[in-house]
Amino acid sequence: MKLKGRVFKFGDDIDTDGIIPARYLNTSDPEELAKHCMEDVAPDFAKKIKQGDMIIAGENFGCGSSREHAPIAIKAAGVSCVIAKSFARIFYRNAINIGLPIFAGREAAEALKQGDRVEVNVDRGEVAMSGKAKTGKVYILENFPGFIREIIKSGGLMRYAKKRKKT
Amino acid sequence: MGYTITEKILLAHARGVKKIAPNDFIMAKVDFCFGNDITAPIAIREFRKLGKKKVFNQNRIGLIPDHFLPAKDMKSANQAVVLKDFAREYGIANYFEVGRMGIEHALLPERGLIIPGDLTVGADSHTCTHGALGAFATGVGSTDLAYVMAFGECWFRVPESIKLVFTGRPRKWVGGKDLILHAIRDLGVSGALYRSIEITGDVIENFSMDDRFTMCNMAIEAGAKSGIIAPDKTTERYVRSRIREHKPLRQSYRLYRSDEDAVYADIRKYNISRLEPLVAAPHLPSNVKPVSEFKDVKVDQVVIGSCTNGRISDLKQASVVLKNKKVNPHTRLIVIPATQAVYAEAVKQGYAEIFVASGGVFCTPNCGPCLGGHMGVLSEGEVAISTTNRNFVGRMGHPGSFVYLANPAIAAASAVKGKITHPSDL
């Protein structure tokens with residue numbers, strides 16, 4: 001699977017209150033949440049984002065609350081992939097569980113800039129510049145352990161669970 | 001090579017393995033799981049997709065509408081109904097209606113529903129609070145909770161542990177909140193990412209359960225997967241009294257301790273004898289300095305409560321400071337006990353009267369303004385000092401507001417002066 005889009009760059013410690021403020025947590029409707037995605041960090045984000053665009057961030061992305069509304073808002077806003085130097089662990093789990101591609105990649109997170117056009121190869125765990133700016137440089141992203149790859153391949157935890165024969 | 005307490009609990013619950021090491025992926029049996037009015041509606045929606053007629057165990061699921069209840073608006077009311085309907089339909093024993101409801105991380109231990117040696121997951125990041133019981137407890141998301149409600153198990157990566165050793169004698173007005181803020185300042189907000197924080201030392205041995213809950217509660221603020229304190233006589237006394245009072249179905253608990261030769265990723269030693277009460281300034285819980293460095297910071301709002309500091313000894317401490325004092329005319333004081341039992345006790349002990357006589361409000365148990373939900377949302381430019389756990393941008397309301405975190409005594413003294421104040425300066 002290949003994903004193409006523009007880079008929206010963020011810094012370190014982007015917390016879940018920044019991704020989706022608690023004042024919108026009285027709903028779990030993805031479309032509604034998407035409208036307010038990143039509102040307190042980058043107020044125009046939800047308007048500027050186009051289907052397929054990507055979030056590239058620094059350390060500890062998604063720290064704070066366990067609200068699954070955060071990855072849901074990001075996914076519903078049209079973001080195809082999140083790459084960061086590191087992730088807060090609950091956010092990381094949540095993204096995997098809802099089928100939002102997510103990668104830790106220190107070098108990529110350093111090098112890629114706001115507005116860059118990039119292509120992510122999900123199966124290989126790689127990201128590279130695309131279009132006119134193509135440099136040939138490929139950044140390796142951290143691959144998932146086999147256990148998690150099964151969940152991702154299934155399209156999220158619930159689809160993985162459905163495959164189980166257990167009653 | 002020995003095991004840490006965390007590794008021992010995970011091993012005891014892991015399916016199909018005889019040994020365990022950090023970074024192993026395991027599927028583990030869950031003793032108790034829970035969610036609230038924000039996280040459970042999504043979990044229930046996901047659970048229903050499975051088409052299962054039964055949950056894994058009706059007595060091992062908690063549904064606690066504590067965030068926006070009593071409902072702050074129609075949408076919140078609708079979310080609460082999802083919990084109630086699901087609880088009825090699936091026969092969930094531990095659903096708590098308003099009036100019996102309290103903040104999940106205070107309520108569940110109080111009811112004896114989480115006990116030492118448990119493996120607990122909650123769809124709330126502050127689930128790490130329950131580590132104070134000598135249990136492995138960690139926050140997960142809603143889809144994780146749905147999976148656990150269905151199958152009674154959850155996947156984990158075994159965390160490395162960081163041992164914190166607190167020694168010395170705490171000064172007056174220094175408590176669990178200050179010690180954990182001290183550690184978060186040292187570790188940073190991502191310093192314990194994916195790891196478990198094991199809290200030890202003679203200071204902790206002398207701490208009450210309330211102080212221990214406060215410390216484990218904020219482990220997540222250093223990025224940790226869990227916080228844990230080895231159970232001792234204090235833990236057992238607490239757990240036994242909870243079991244006696246509420247007679248939960250599960251009464252036999254297991255006490256685990258780390259082996260002498262357990263392996264730690266890091267060991268940090270803190271002598272806290274000279275530590276002043278601490279304050280975390282906006283906008284990170286690691287932005288910590290002694291209270292004396294904030295003397296000129298005026299406050300519009302003071303919040304005493306939350307899963308961090310809403311227990312009876314927290315309210316007692318605040319009442320000692322506020323007795324025969326008045327809240328500053330330009331400051332509002334909001335006190336929110338964590339549970340109904342804490343509420344009732346605060347009334348009985350006369351703390352509630354002190355809060356009201358001082359000019360503060362004494363509210364029904366819930367998470368309230370901690371996450372900018374209701375009962376004290378901040379306007380642009382407003383400043384709050386709060387006994388809660390996070391001070392991110394916009395956490396308590398407008399993105400242009402400011403939240404300082406501190407212990408209940410500092411918060412109470414600040415209410416009187418209308419600016420950040422040490423109780424000794426009143």
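1. Axes here are lines fitted to C-alpha atoms, for helices over the stretch in contact, and angles run from 0 to 180 degrees between N-to-C directions. The model is predicted, so local features need pLDDT of at least 70 and side-chain atom pairs count only at pLDDT 80 or more, while totals for chains, interfaces and linings use all residues. Residues are numbered from 1 along each chain as its sequence is written, and chains are lettered from A and ligands numbered from 1 in the order in which they are written.

2. Helix pair in chain B. Two packed helices are described by the angle between their axes and the distance between the axes. For helix α2 (residues 40–49) of chain B and helix α3 (residues 74–90) of chain B, the axes come within 9 Å and cross at roughly 50°. Helices (H or I, at least four residues) and strands (E, at least two) are DSSP runs, numbered from the N terminus. α2(B) and α3(B) are therefore oblique to each other; angles under 35 degrees count as roughly parallel, over 145 as roughly antiparallel, 65 to 115 as roughly perpendicular and the rest as oblique. The crossing of α2(B) and α3(B) is left-handed, a term used if the near helix is turned anticlockwise from the far one by less than a right angle, with right-handed used if clockwise.

3. Residues of that pair. α2(B) contributes B:Ala40, B:Pro41 and B:Ile44, which meet B:Gln79, B:Val82, B:Leu83 and B:Phe86 in α3(B). The residues of this contact of α2(B) with α3(B) are six nonpolar, one polar and no charged. Ala, Val, Leu, Ile, Met, Phe, Trp, Tyr, Cys and Pro count as nonpolar, Asp, Glu, Lys and Arg as charged, and the others, Gly among them, as polar. Two residues are in contact if their C-beta atoms, placed from the backbone, lie within 7 Å.

4. Chain B overall. Chain B has 14 helices and 18 strands. Along the principal axes, the C-alpha atoms of chain B fill a box of roughly 60 × 50 × 40 Å. Of the 426 residues in chain B, 61% are buried. A residue is buried if 20 or more other C-beta atoms lie within 10 Å of its own, exposed if 12 or fewer, and partly exposed in between, with C-beta atoms placed from the backbone. Among contacts in chain B between residues at least 6 apart in sequence, 77% join residues at least 24 apart.

5. Covered helices in chain B. In helix α1 (residues 5–13) of chain B, seven of its nine residues are buried, including B:Glu7 and B:Lys8. Helix α11 (residues 312–322) of chain B is also mostly covered, with eight of its eleven residues buried; among them are B:Asp314 and B:Gln317. After α11(B) comes B:Asn324, which has a positive phi near 60°.

6. Chain A overall. Chain A has eight helices and seven strands. With 167 residues and a radius of gyration of 15 Å, close to the 15 Å of the globule rule, chain A is as compact as a globular protein of that length. The box filled by the C-alpha atoms of chain A is roughly 50 × 40 × 25 Å along the principal axes. Buried residues come to 50% of chain A. Among contacts in chain A between residues at least 6 apart in sequence, 65% join residues at least 24 apart.

7. Interface. The contact takes 43 residues from chain B and 35 residues from chain A. On the side of chain B that touches chain A, the elements giving two or more residues are α2, α3 and α5 (142–151) of chain B. The largest share of that side, seven residues, comes from α5(B). By class, the side of chain B has 21 nonpolar, 13 polar and nine charged residues.

8. Two glycines of chain A. A:Gly64 is in the loop between β2 (54–57) and α4 (69–77) of chain A and counts as buried because it has 27 C-beta neighbours inside 10 Å. Beyond its neighbours within four places in sequence, A:Gly64 has contacts that include A:Asp15 in chain A and B:Arg390 in chain B. A:Gly125, in the loop between β5 (117–121) and β6 (126–129) of chain A, has 17 such neighbours and counts as partly exposed.

How values were computed:
Rg over C-alpha atoms; globule rule 2.2 N^0.38 Å.
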